[in-house]
Amino acid sequence: MTESFLREQFSGMIIEPGDSNYEAASTVMMRKGAPALIAMAQSPQDVAAALAYAQSNNLLIAVRSGGHSNAGLSTNDGGIIIDVSCMNSIELMDQASGRVRIGAGAQWGDIARRLYDWKLALSSGDTKTVGASGLMLGGGIGWMVRKYGLALDSLMCAEIVTADGRILIADEENNADLFWAIRGGGGNFGIVTGMECIAHPVDDILYGSIVYDPADAPAIVGAWRDYMRTAPDELTTSLLIMPANMMGEHPTTCMVQCCWAGTDAETANAALAPLRAIGKVLSDDITRVPYYQVLEEAHPPQGMRIETNNAFFNELTDEKVEDILTACFEDKRIIQMRGLGGAMGRVSVDATAFAHRNAEVMVLLPTFMPSSVTEAEVETALEPWHRVANGSNGSYVNFLSQVTERERNAAYPPATLARLAEIKAVYDPTNIFNQNLNIPPQI
Ligand SMILES: Cc1cc2nc3c(=O)[nH]c(=O)nc-3n(C[C@H](O)[C@H](O)[C@H](O)COP(=O)(O)OP(=O)(O)OC[C@H]3O[C@@H](n4cnc5c(N)ncnc54)[C@H](O)[C@@H]3O)c2cc1C
């Protein structure tokens with residue numbers, strides 16, 4: 001297919017080097033790319049046309065929704081970006097059941113704001129500008145994960161353009177294998193253009209942070225872990241410890257961010273009371289807000305290389321807590337621990353391609369380095385991370401800067417990986433969707 005033929009078929013904008021919007025359109029949050037073409041799709045038919053063009057010209061294919069890939073995989077050099085961000089409608093299909101239809105390129109901040117008008121919400125992530133499909137296809141761990149599960153647990157049906165250009169529906173009845181695979185298998189199986197989800201009736205929620213005296217941090221980690229093992233599902237929390245002066249000038253910070261996804265203040269306060277007693281509280285700003293106000297803007301530090309890593313632990317042992325505290329206070333690393341369990345943990349391990357249902361905590365350790373750093377220096381800088389990750393039960397595909405076989409095997413246990421590869425062989429036998437944590441058709 002020639003480019004002029006593509007232009008005849010394609011209803012959206014096509015951006016090329018030299019166009020005034022090329023530089024912005026070829027750059028994503030973690031990387032500046034130099035693609036040959038950026039196809040801003042308006043419809044599944046546009047996506048199919050761009051895919052056919054890419055394949056007939058042997059172009060590397062990047063798929064982009066919100067552009068937040070931690071590995072910078074939604075742009076490339078010399079290939080095509082198929083961008084779905086113009087497909088961003090958010091529609092209520094049925095108020096009673098909460099069924100909503102979301103364009104693949106909608107952003108979670110807009111979704112939360114629109115759903116609030118209908119007194120509904122979806123479990124998502126914590127950042128406004130992350131794209132609906134990029135987050136959904138990997139999992140979606142946010143402020144209501146314990147109450148309503150992962151974002152992908154709300155997915156009922158997806159419209160997806162496969163490698164051969166077919167526009168398929170994937171749900172429990174149609175292409176059920178594909179439906180299983182896209183819930184956790186990322187962008188390996190096709191380009192999602194729309195999703196139907198069941199949103200939950202959510203009024204305002206309680207949200208804020210309890211900031212503790214950092215001298216209490218060693219005791220707080222274990223006490224937080226113990227309490228979250230029995231806390232009500234409505235309570236989702238994240239413990240952050242940040243050594244002094246990591247992000248500008250600030251003292252060492254130890255805080256638990258809390259979201260109570262419920263309306264009853266008395267029950268909420270009873271559930272929060274144990275957390276208010278695990279250390280000396282310096283401040284506490286937990287207050288009632290609409291859920292959409294909880295989502296934040298992304299502020300990646302400029303001019304730095306960020307290596308994002310994460311690890312799931314089914315049991316966060318006291319020994320592992322020691323490793324985490326060492327990484328934090330001796331190696332000066334920011335540590336975030338997201339409490340899991342609840343609704344996320346009640347879905348069976350093999351129900352979707354997201355297999356880490358038994359994790360009680362996800363530990364995140366971003367490593368910030370100057371952009372001039374050498375690969376050898378990166379390896380050295382990652383040593384504290386490897387000590388923390390040692391003995392973990394796997395990792396979350398959406399928070400990874402590296403996408404080698406090592407990360408793939410941590411993200412997918414053997415049985416999940418084998419099934420994903422079988423499904424990949426059916427829907428993408430030549431592996432054209434390979435700019436991702438790649439699942440090849442043969443393992
Ligand atoms: C600042 C920041 C905050 C984050 N917070 C959270 C959080 O709280 N919780 C959480 O779970 N995750 C979070 N993430 C991780 C996030 O979920 C992933 O990075 C996700 O892949 C980003 O989706 P995107 O659409 O914005 O990114 P993109 O870069 O557009 O897409 C990422 C990848 O997803 C695939 N993809 C995207 N759209 C499609 C599509 N329509 N069809 C097929 N494949 C597609 C492609 O392989 C692409 O490379 C965060 C990331 C960042 C950078």
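Tutor: Two strands count as paired if DSSP finds at least two bridges between them. Strands (E, at least two residues) and helices (H or I, at least four) are DSSP runs, numbered from the N terminus. The model is predicted: local features need pLDDT of at least 70, side-chain atom pairs count only at pLDDT 80 or more, and totals for chains, interfaces and linings use all residues. Residues are numbered from 1 along each chain as its sequence is written, and side-chain values use heavy atoms, with hydrogens and water left out.

Student: In which sense do β5 and β6 pair, and over how many bridges?

Tutor: Strand β5 (residues 61-64) pairs with β6 in the parallel sense, over 4 bridges. Within this pairing I61 stands opposite I80, and V63 has I82 as its bridge partner. Strand β4 (residues 37-40) also pairs with β6 in the parallel sense, again over 4 bridges; here A39 stands opposite I82.

Student: What is the order of the strands in the open sheet?

Tutor: The order is β1-β4-β6-β5, 4 strands with mixed pairing. β1 (13-15) and β5 are the edge strands, each pairing on one side only. From one strand to the next, the twist averages 20 degrees.

Student: Which way do the side chains of β6 point?

Tutor: In a regular strand, side chains alternate between the two faces of the sheet. In β6 (residues 80-83), I80 and I82 point one way, while I81 and D83 point the other way. All of these residues are buried, that is, under 20% relative accessible area; exposed is over 50% and partly exposed lies in between (1.4 Å probe, protein chains only).

Student: Which strands does α3 lie across?

Tutor: Helix α3 (residues 44-56) lies across β4, β5 and β6 and runs at about 170 degrees to β6. Axes are lines fitted to C-alpha atoms, for helices over the stretch in contact, and angles between N-to-C directions run from 0 to 180 degrees.

Student: At what angle do α8 and α10 pack?

Tutor: Two packed helices are described by the angle between their axes and the distance between the axes. Helix α8 (residues 217-228) and helix α10 (residues 318-329) pack at about 140 degrees, with axes 10 Å apart. They are therefore oblique to each other: under 35 degrees is roughly parallel, over 145 roughly antiparallel, 65 to 115 roughly perpendicular, and the rest oblique.

Student: Which residues make the contact between α8 and α10?

Tutor: A217, P218, V221 and R225 of α8 meet D318, V321, L325 and F329 of α10, where contact means heavy atoms within 4.5 Å. By class, this contact has 6 nonpolar, no polar and 2 charged residues. Ala, Val, Leu, Ile, Met, Phe, Trp, Tyr, Cys and Pro count as nonpolar, Asp, Glu, Lys and Arg as charged, and the others, Gly among them, as polar.

Student: What is the phi of K332?

Tutor: Most residues other than glycine have a negative phi. K332 has a phi near 60 degrees, a positive value in a residue other than glycine. K332 lies in the loop between α10 and β21 (335-339) and, at 47% relative accessibility, counts as partly exposed. N431, in the segment after α14 (414-427), has a positive phi near 55 degrees. N431 is buried, with a relative accessible area of 15%.

Student: Is E172 buried or exposed?

Tutor: E172 is exposed, at 56% relative accessible area, in the loop between β11 (167-171) and α7 (176-182). Not counting residues up to four places away in sequence, E172 touches F179 and R183.
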